[in-house]
Amino acid sequence: MIITRKIGAILRGKATPFQLAAGCALGAALGFVPGFSTAPGLTVALVFLLVIINANLFLAAMVGMAAKLASWVFLPVSFAIGRLLLDGPLSGLFQSVVNTPILALLGVENYATTGGFVLGLLFGGILSLLVIRGITRFRLRMADAT
């Protein structure tokens with residue numbers, strides 16, 4: 001029952017498209033990152049961004065759960081993307097990030113973390129376009145109905 005109320009609040013609410021997109025993108029990135037033990041700094045930074053940006057937290061949680069399920073299916077793809085980024089043409093940049101004292105806490109030395117973050121942002125970006133389009137259409141139809 002609480003879930004239907006939250007969905008109704010998103011549909012009828014005053015959440016801006018940016019808040020919806022930020023919730024989708026950051027929630028998906030959190031879902032695709034392997035976990036706190038692997039990337040503690042990245043997990044904390046993403047949660048901090050969710051709060052600071054004022055993203056829709058319920059939407060971020062729902063997208064995060066869906067992304068966590070999808071991350072298990074796409075783990076080989078995340079690993080391949082991470083390997084391409086860490087061992088490919090951007091290896092110098094990532095080597096600097098890994099060796100920087102505070103940035104080392106991000107956990108980007110792990111292939112699954114780096115690839116999962118990129119894949120999560122891509123997944124969240126596509127999902128945010130669909131969510132924003134659907135909510136905008138719903139709000140316009142409701143405005144026309146009154």
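Q: Why is Phe79 called partly exposed?
A: The relative accessible area of Phe79 is 40%. Buried means under 20%, exposed means over 50%, and partly exposed covers the values in between (1.4 Å probe, protein chains only). Phe79 therefore counts as partly exposed, at 40%. The model is a predicted one, in which local features need pLDDT of at least 70 and side-chain atom pairs count only at pLDDT 80 or more, while totals for chains, interfaces and linings use all residues. Residues are numbered from 1 along each chain as its sequence is written, and side-chain values use heavy atoms, with hydrogens and water left out.

Q: What makes the pair of Phe79 and Tyr111 edge-to-face?
A: The structure holds two aromatic pairs. In the pair of Phe79 and Tyr111, the ring centres are 5.1 Å apart and the planes stand at 85°, so the pair is edge-to-face. Rings of Phe, Tyr and Trp (its six-membered ring) pair if their centres lie within 6.5 Å; planes under 30 degrees apart count as stacked, over 60 as edge-to-face and the rest as tilted. Phe79 belongs to helix α5 and Tyr111 to helix α7, so the pair ties together parts that are 32 residues apart in sequence. Tyr111 has a relative accessible area of 24% and is therefore partly exposed.

Q: How do you know that Leu86 is buried?
A: Leu86 has a relative accessible area of 11%, so this residue is buried. Leu86 lies in helix α5, which spans residues 75–87. Helices (H or I, at least four residues) and strands (E, at least two) are DSSP runs, numbered from the N terminus.

Q: With which residues is Leu86 in contact, leaving aside its neighbours within four places in sequence?
A: Leu86 is in contact with Ser91, Phe94, Val108, Glu109, Asn110, Tyr111 and Thr114. Contact means heavy atoms within 4.5 Å.

Q: What makes Arg83 and Asp87 a salt bridge?
A: The side chains of Arg83 and Asp87 meet at 4.0 Å, N to O. A salt bridge is a side-chain nitrogen of Lys or Arg within 4 Å of a carboxyl oxygen of Asp or Glu, so the term applies. A search of the whole structure finds one salt bridge. Arg83 and Asp87 are four residues apart in helix α5, so about one helical turn separates them. Asp87 is partly exposed because its relative accessible area is 47%.

Q: Why is Ser128 called buried?
A: Ser128 is buried because its relative accessible area is 7%. Ser128 is placed in helix α7 (residues 111–145). Leaving aside neighbours within four places in sequence, Ser128 is in contact with Ala21 and Cys24.

Q: Which residues make the nonpolar surface patch of about 290 Å²?
A: Ile2, Ile3 and Ile7 make this patch. Patches are made of residues with over 30% relative accessible area and no salt bridge; like charges are joined within 9 Å and nonpolar side chains (Val, Leu, Ile, Met, Phe, Trp, Tyr) within 5 Å. Ile7, in helix α1 (residues 2–12), has 41% relative accessibility and therefore counts as partly exposed.

Q: How many helices and strands does the protein chain have?
A: The protein chain has seven helices and zero strands. Buried residues make up 36% of its 146 residues.

Definitions and conventions. Accessible areas come from the Shrake-Rupley method with a 1.4 Å probe; for residues, only the protein chains shown count as cover.
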